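Hi,

Here is the structure I promised to pass on. Have a look at it first, and then read my notes below.

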Amino acid sequence: MENGKSDSTFTGRLGFILAAAGSAVGLGNIWRFPYLAEEYGGGIFLLVYLVLVVTFGFALMLTEVSLGRRTGKSCIAAFGELSQKHRAIGWIAALVPALILPYYCVIGGWVTKYSVDYIAGSGSVVAGAGFFESFIECGLTGLMGNPMVWFIVFAVITLLVVAFGVQNGIERVSKVLLPLLLVMLIAITVYSFTIPGVVDGLKFYLYPDFSNFSMSTVLGAMGQLFFSMSLAMGIMITYGAYMKKDVPIEKSVRNISIIDTSVAFLAGLLIVPMVIVLGGGSMNSGPGLMFETLPLVFETMPGGHVIAAVFFILVFFAALTSSISIAEAVILALKDRFNLDRMKAIAVVAVITLVLGTLSCLGYGPLDSITIIGKPFLDFFDFFVNYIMMPLVAVMTCLFIGFVVKPKVIIDEVKLSGDFAWEKPYVILVKWVCPVCLILILMTGLLDLFGVFTL
Ligand code: PHE
């Protein structure tokens, strides 16, 4: 985001795609996607997710990028620019990254801990039974075993990068690391195919078994889509604002979706089958999935600890580029809304992150007696953002474009720099299909929030 500032626009199409992909590819793909796929039905979840990417994901990302480029403004100002009466949509959207950043840093901290442990040669300890659980429950001894330490390390790194304006450097590095992550994912996945029993696991992940289908499959996939593609929180609007007028929007959006979805698909291909192969029914699913399965895979590999160290470092960088973009979004919003200078805005972000992040981090340990709608803090924030806030922002954005400013505003912007092959389906999606489905999702989320129904 900030990289757009120094030269005010991204250089060319590739620059835009890589920067946006840096934000999109992160823990959402590698940590969140596999555990949801495992939880919500395997192949059927994958299928639903893919259908949603090419419909909703495409329409929403295209809308946000075009909105940003058309107005040249960040999310808070972009809506106001088109209609003063509707500027509140931008403010609500800006709340989303403020709620995500704290718990994102907690999980980023878990990744940092795993990277450092593998570098330090403690790989066999990490792979020991119950290690992850003890770690997040604050049951390990010493400073290095304390999840709060790792959460703070990750948050401080993110904010230092943002404060010293070195995002450019990080993004340049990550342009090399992202393809490397992809290559490693492929290599480790191919290796995992040699582990006996993998076929059953692959079948579960790849074959859509309709008897596993439920409302939760769709809801989970939808929330994941927003999270993974960095949608419904103003981020893509801001990226659009820095995009040059001659860069083709439709093609770029398609490329970002393909990159983001490929990484998620591959992470799932590696992690989900392993639950069946290595878990033997005893593995905990849920947010710990990748942290429990991967060490077991690395344990079976020749040179596994070195490979694990490299792998977790790459995941760390993917997480860092995403967390930087989340932090930037909050800072920009604070600047636009409250006229704070950059350093003050960073200080506010630090305080929010520390307070909410501490709750999330300790929610599995000392604070585990406190739950909200039966969920520990981290799970609650994740639920609230993905099932309530993002669908709310997305539905308001679609209705705003569909009925207030009209889709022509977006269509004209797209056509300014290229074709719009999917123009007709886009209009139907943004006016009707997306709002109707999103309202259904939002209602189900609210029913869950009030305890009428459990997702
Ligand atoms: N899309 C990022 C991921 O998949 C996370 C993210 C969320 C980034 C919100 C920006 C905003 O990890």
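How many of the 29 residues of α18 are buried? I count 22 of the 29 residues as buried, so α18 is largely enclosed by the rest of the structure. Buried here means under 20% relative accessible area, exposed means over 50%, and partly exposed is in between (1.4 Å probe, protein chains only).

Before you go further, keep in mind that this is a predicted model: local features need pLDDT of at least 70, side-chain atom pairs count only at pLDDT 80 or more, and totals for chains, interfaces and linings use all residues. Residues are numbered from 1 along each chain as its sequence is written, and side-chain values use heavy atoms, with hydrogens and water left out.

First, the overall picture. The chain has 20 helices and zero strands; these are DSSP runs numbered from the N terminus, helices being H or I with at least four residues and strands E with at least two. The radius of gyration is 21 Å, close to the 23 Å that the globule rule gives for 455 residues, so the chain is as compact as a globular protein of that length. (That radius is taken over C-alpha atoms, and the rule is 2.2 Å times the number of residues to the power 0.38.) Along its principal axes, the C-alpha trace spans about 55 × 50 × 45 Å. Of the 455 residues, 60% count as buried.

Back to α18 (377-405). This helix has a kink of about 35 degrees centred on V385, where the bend at a residue is the angle between axes fitted to the seven residues ending there and the seven starting there. K406 sits in the loop between α18 and α19 (408-415) and is partly exposed, with a relative accessible area of 41%. N339 also has a positive phi, about 60 degrees, although it is not a glycine. You'll find N339 in the loop between α16 and α17 (342-362), and it is exposed at 70% relative accessible area.

On a 1 Å grid over the protein atoms alone, a cavity is a set of points where a 1.4 Å probe fits but cannot get out, while a pocket is an open set with protein on both sides within 12 Å along at least five of seven lines; lining residues have an atom within 4 Å of a point. Grid points are joined across faces, edges and corners, and a volume is the space filled by probe spheres set on the points.

The largest pocket has a volume of about 530 Å³. Its lining has 28 residues, and Y35, E39, G286, P287 and D379 lie nearest the centre. The elements giving two or more residues to that lining are α3 (27-39), α8 (131-136) and α18.

There are four cavities of 30 Å³ or more. The largest cavity holds about 140 Å³ of space and is lined by 15 residues, with G22, S174, K175, L178 and T321 nearest its centre. The largest share of this lining, six residues, comes from α10. The second largest cavity holds about 100 Å³, and among its 16 lining residues S23, Y104, F227, S230 and I326 lie nearest the centre. Here α3 gives the most, with three residues.

Enjoy exploring!
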